[in-house]
Amino acid sequence: MGVDLGLPNFDAGLEELGLLAQTAGMQPVARVVCKRKAPDAALFIGSGKADEIKMLAVETGATEILFDQSLSPAQQRNLERLLEMPVNDRTMLILEIFAQRARSHEGKLQVELARLQYLSTRLVRRWSHLERQTGGAGVRGGPGEKQIELDKRMISESIKRTKERLSKVKKQRQTQRRQRERRNAFTVSLVGYTNAGKSTIFNALVKARAYAADQLFATLDTTTRQMYLGDAARSVSLSDTVGFIRDLPHGLIDAFAATLQEAADADLLLHVVDAANPDHLEQIEQVQRVLAEIGAATVPQILVFNKLDALEKAHRPLQLSDSFEIKDAFSDTGARVDRVFVSAQTGEGLPLLRQLLARQASLLPLADTPPFGEAVA
């Protein structure tokens, strides 16, 4: 379900919601759109459109309704009562995907924290079991304490415990980062919109076997490897990070602070773009917004236009390396950065990318003691 509120790229956003649903293991069976000047306070959509959705769900055998926009707890509750089936929004769908994909201990903690923070706002009269308890011996929570108050307290305690565990992980990352700084290592982070091909480029550059697939959020956990650059006669540290997406839930940005810190503290960002995607300019803008939110807007960038092999012959660039102006996320100013066209699948353009990396790495003085664990790229 998508509500056109007059914002640009509405169709692309709804198409992306369908891809997110498939990534989460669902099968979209119908698509409903409507236009409104503003969301309805009670249902987000009008009551007539809600009745239409209910009839369509019965006809298609749908078991869940997904909204492309974020719903308030009251709107979600009202819709579920009216439609008599689960209703979830874009935020919950992304959280579900992250929960399925997280592999590392840190990633699972980050997803759990974001999920708990999301659920903590949706306890108010959401479920029928939240009824007043009777007091007495052997009953949790004292005389007259409501079940909802117990649930809130349990979630609050879980959030506190998860934050404490994440804090320990963050300290470990800071220790590792300080070790790299002492070695004067040049750090590079791959960033970009989800499914732009970051992990495939990472594997091609460092000869690694990080998981890569043609799907949204294939990679959630940060992977770091050493890469030797012959032109600069030194090694650099290359990190593959989680992909960004339009309207990335703020809870996830906060929860993944430790992972995203790799991008904020990097000496250089490789901003990977899906050159074959017709909405790639808007995706660049969305990535710039997230980078600004995590404090990485001022980190030098190289734009890597990937999937050159997927471009039609008429749309292929005349040269593989040039410059491109990136707009500031929150102002009209911009800056020109190096751009290179590559194909991570065929290897075309990767030598040029290595040359640009070597040129940037040469700007940082080489440490006396070379980094250990080098892998020749």
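Author: Happy to! The model is predicted, and local features need pLDDT of at least 70, side-chain atom pairs count only at pLDDT 80 or more, while totals for chains, interfaces and linings use all residues. Residues are numbered from 1 along each chain as its sequence is written, and side-chain values use heavy atoms, with hydrogens and water left out.

Now to the rings. A pair of aromatic rings is described by the distance of the centres and the angle of the planes. Rings of Phe, Tyr and Trp (its six-membered ring) pair if their centres lie within 6.5 Å; planes under 30 degrees apart count as stacked, over 60 as edge-to-face and the rest as tilted. The structure holds three aromatic pairs. In one of them, the planes of F44 and F67 stand at 85 degrees with the ring centres 6.2 Å apart, so this pair is edge-to-face. The pair links distant parts of the chain, 23 residues apart: F44 lies in the loop between β2 (33–35) and α2 (47–60), and F67 in strand β3 (residues 65–67). Helices (H or I, at least four residues) and strands (E, at least two) are DSSP runs, numbered from the N terminus. F44 and F67 are both buried, meaning under 20% relative accessible area, with exposed over 50% and partly exposed in between (1.4 Å probe, protein chains only).

Another pair joins F305 and F324: the centres are 5.8 Å apart and the planes at 55 degrees, so the pair is tilted. Here, too, distant parts of the chain are linked, with F305 in strand β9 (residues 301–306) and F324 in strand β10 (residues 321–327), 19 residues apart. Both of these residues, F305 and F324, are buried. Ring pairs also bring in F341, making a cluster of F305, F324 and F341.

K307 has a positive phi of about 65 degrees although it is not a glycine.
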